[in-house]
Amino acid sequence: MQNLWNTISARYARFEKERRLGMDISEEIQRESKKLIHAFVHRTITDPKNALASIKTKVDYLLALISKNPFLYQVAALDAGLEEYAEAVFLIGYTASFKEIKKFIPKGLGHNELLGGMADSSGELVRMVRSRLKIDEAEKTRAIVAQIYERFLDLELSRSNKLRSKISDVQRNLHHLEQIIFNLKLNAGS
């Protein structure tokens, strides 16, 4: 019994150490991604791809840590940083070519984080349109968000799926954009 206990407690101690490390890295990724998103939306950053590359090294490290210990897949807090990073990638990706941005998407990044980041980026696109208030930019952004929404509608979702609320967020963001465009056209006509 003692040998079994020693094995279990050693595995648990290693897991806890890796869990704490993973959570710290995820928080760092989340913080840096939020700062990058804010700087990008408010046009205070000149080279967002360079900042993405810096964050990606941490994402790669976290994904390697998770792949070494499959039990870390169960730690929901690790997803927060990865989803925030995906949001930054997609947001910056809307102004870059797919080829340029594809290198920032690690192969091990899960579909939930990618889809969540894509959905969340639609809200940042609305903020960008609100801060610039140009009809042509708003219409281009509306087309992007409409395309995201249409793609999300193709997904098969369960009743309690987190992505269901993300689809509602994208739909709400699409409505916000349509309202902004309507108001801009109304103001332009007066």
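This report describes the overall make-up of a predicted protein model and the packing of its helix 1 against helix 2.

## Basis of the model

Because the model is predicted, local features need pLDDT of at least 70 and side-chain atom pairs count only at pLDDT 80 or more, while totals for chains, interfaces and linings use all residues. Residues are numbered from 1 along each chain as its sequence is written, and side-chain values use heavy atoms, with hydrogens and water left out.

## Overall make-up

The protein chain holds seven helices and zero strands, where helices (H or I, at least four residues) and strands (E, at least two) are DSSP runs numbered from the N terminus. Its C-alpha atoms fill a box of roughly 85 × 40 × 25 Å along the principal axes.

Of the 190 residues in the protein chain, 41% are buried, meaning under 20% relative accessible area with a 1.4 Å probe, protein chains only. Among contacts (heavy atoms within 4.5 Å) between residues at least 6 apart in sequence, 77% join residues at least 24 apart.

## Helix 1 against helix 2

The axes of helix 1 (residues 2-41) and helix 2 (residues 48-68) come within 10 Å and cross at roughly 160°; these axes are lines fitted to C-alpha atoms over the stretch in contact, with angles from 0 to 180 degrees between N-to-C directions. That angle makes helix 1 roughly antiparallel to helix 2, a term for angles over 145 degrees.

Residues of helix 1 in this contact include Leu21, Ile25, Ile29 and Phe40, and those of helix 2 include Leu52, Ile55, Tyr61 and Leu65. The contact residues divide into 13 nonpolar, three polar and four charged, with Ala, Val, Leu, Ile, Met, Phe, Trp, Tyr, Cys and Pro counted as nonpolar, Asp, Glu, Lys and Arg as charged, and the others, Gly among them, as polar.

Terms used
Parallel < 35°, antiparallel > 145°, perpendicular 65-115°, else oblique. Buried < 20%, exposed > 50% of the residue type's maximum accessible area, 1.4 Å probe, protein only.
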